[in-house]
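Me: Can you walk me through this one? I'd like to start with the packing and then jump around a bit.

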Amino acid sequence: MKLTKERLYILLSFFSIYVIWGSTYLFNKILVSQLAPLYAASIRFISASILIFTIAKFLKIPLKITKIQIRNTVIAGFLFLTLGNGLVVWALRSVDSGFAALEISAQPLVVLILLRIFEGKKIQPMSILGVIIGCIGIYLLVSQREMINQEGMVTGMIMLFICMLSWAFCSLFVSKADLPSNFFVNTGYQMLFGGCILLIGSLVTGEERLPFSSWNTEIIYSMGMLIVFGSIVAFTAFNYLLSKVSPEKVATSTYVNPIVALLLGWYFLDETFSLQSIIAAAVLLTGVYFINTKKTITLFKRFKKEI
């Protein structure tokens, strides 16, 4: 198979959303150890958008967009970043980074269900099996008594579920919405609007805004990694993929994200994960595999022939 320029971009973009996004759980967890969540997320996205627009100006990339595109990037920025990311950062105050990544790995299930509800897409037998297995995995993950009894854990779980709904719905929205044709510029506007809404949310909720002079080296490094790689590189790659492949395929990043997050959380933050969490992860990711696979098991093939 010939490796065209477009195919290479797609492969690199998948690597970005698979591996780089898996590391963002660690960096966000470090941020909320000292910074207020909405405040931290707003700095990340507003800073990233300023960098994107500066680079675009230097490369002489047009920044002009239409009124409809402004509206759509505001919606996308709100759903993807204000809700879809801001609440994840908030939830990380009470849940481990690895656990958050595992729960969000159920996103393909949500995407599939929303595709059925809003677009009437037929759910294939293998996907139905995947949904059933995935739901069992989610139950095993969130039903652990020692976790539920931790302060703020249930609230964190609910926030993560809202994030999944918001992210999945917006994935369907942007795949058809009129957005800036340049993916770099598109990313910049989404981050600018999403970051500004996060900043407003931070002001309204009265979050403490720690001055930059009080940030330690760990916080500065984590913020830098999130701005450059987690925001500019990975999110641009994500928007590019949504225009080139189906939302279900883009959502497969959840195969790798939780593994990366679990390993990094264990190594750098001494996070632990129970045997039930490991089993839940295996079951959940198996369900995600069945949702996205194009193969048909022998039983379903025979059943179709008999019909």
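Reply: What follows covers the cores, the cysteines, a surface patch and some backbone angles, all in a predicted model.

Me: OK, the core. How many residues does the largest nonpolar core have?

Reply: The largest nonpolar core has 79 residues. Those with the most contacts inside it are Ile 17, Leu 35, Phe 80, Val 95, Phe 235 and Phe 238.

Me: Which helix gives the largest share of this core?

Reply: Helix H11, residues 217–244, with 12 residues.

Me: Take Phe 238. What is it in contact with, leaving aside neighbours within four places in sequence?

Reply: Phe 238 is in contact with Ile 17, Trp 21, Phe 80, Trp 167, Ser 171 and Val 250.

Me: Switching to cysteines. How many disulfides are there?

Reply: Zero, from a search of the whole structure.

Me: Now the surface. Which residues form the nonpolar patch?

Reply: Ile 259, Leu 263, Trp 266, Tyr 267, Phe 268, Phe 273, Leu 275, Ile 278 and Ile 279. Together they have about 970 Å² of accessible area.

Me: Which elements give two or more residues to the patch?

Reply: Helix H13 (257–269) and helix H14 (275–292). H13 gives the largest share, five residues, and Phe 268 is placed in that helix.

Me: Backbone next. What is the phi of Lys 60?

Reply: Positive, about 60°, although Lys 60 is not a glycine. Most residues other than glycine have a negative phi.

Me: Where is Lys 60 found?

Reply: In the loop between helix H2 (37–58) and helix H3 (67–83). Lys 60 counts as exposed, at 74% relative accessibility.

Me: And Asp 270, what is its phi and where is its place?

Reply: Phi of Asp 270 is near 60°, another positive value in a residue other than glycine. Asp 270 sits in the loop between H13 and H14, and is exposed, with a relative accessible area of 65%.

Notes:
Residues are numbered from 1 along each chain as its sequence is written. This is a predicted model: local features need pLDDT of at least 70, side-chain atom pairs count only at pLDDT 80 or more; totals for chains, interfaces and linings use all residues. Side-chain values use heavy atoms; hydrogens and water are left out. A nonpolar core is a set of buried Ala, Val, Leu, Ile, Met, Phe, Trp, Tyr and Cys residues joined through side-chain atoms within 4.5 Å. Buried means under 20% relative accessible area, exposed over 50%, partly exposed in between (1.4 Å probe, protein chains only). Helices (H or I, at least four residues) and strands (E, at least two) are DSSP runs, numbered from the N terminus. Contact means heavy atoms within 4.5 Å. A disulfide is a pair of cysteine sulfur atoms within 2.5 Å. Patches are made of residues with over 30% relative accessible area and no salt bridge: like charges are joined within 9 Å, nonpolar side chains (Val, Leu, Ile, Met, Phe, Trp, Tyr) within 5 Å. Accessible areas come from the Shrake-Rupley method with a 1.4 Å probe; for residues, only the protein chains shown count as cover. A salt bridge is a side-chain nitrogen of Lys or Arg within 4 Å of a carboxyl oxygen of Asp or Glu.
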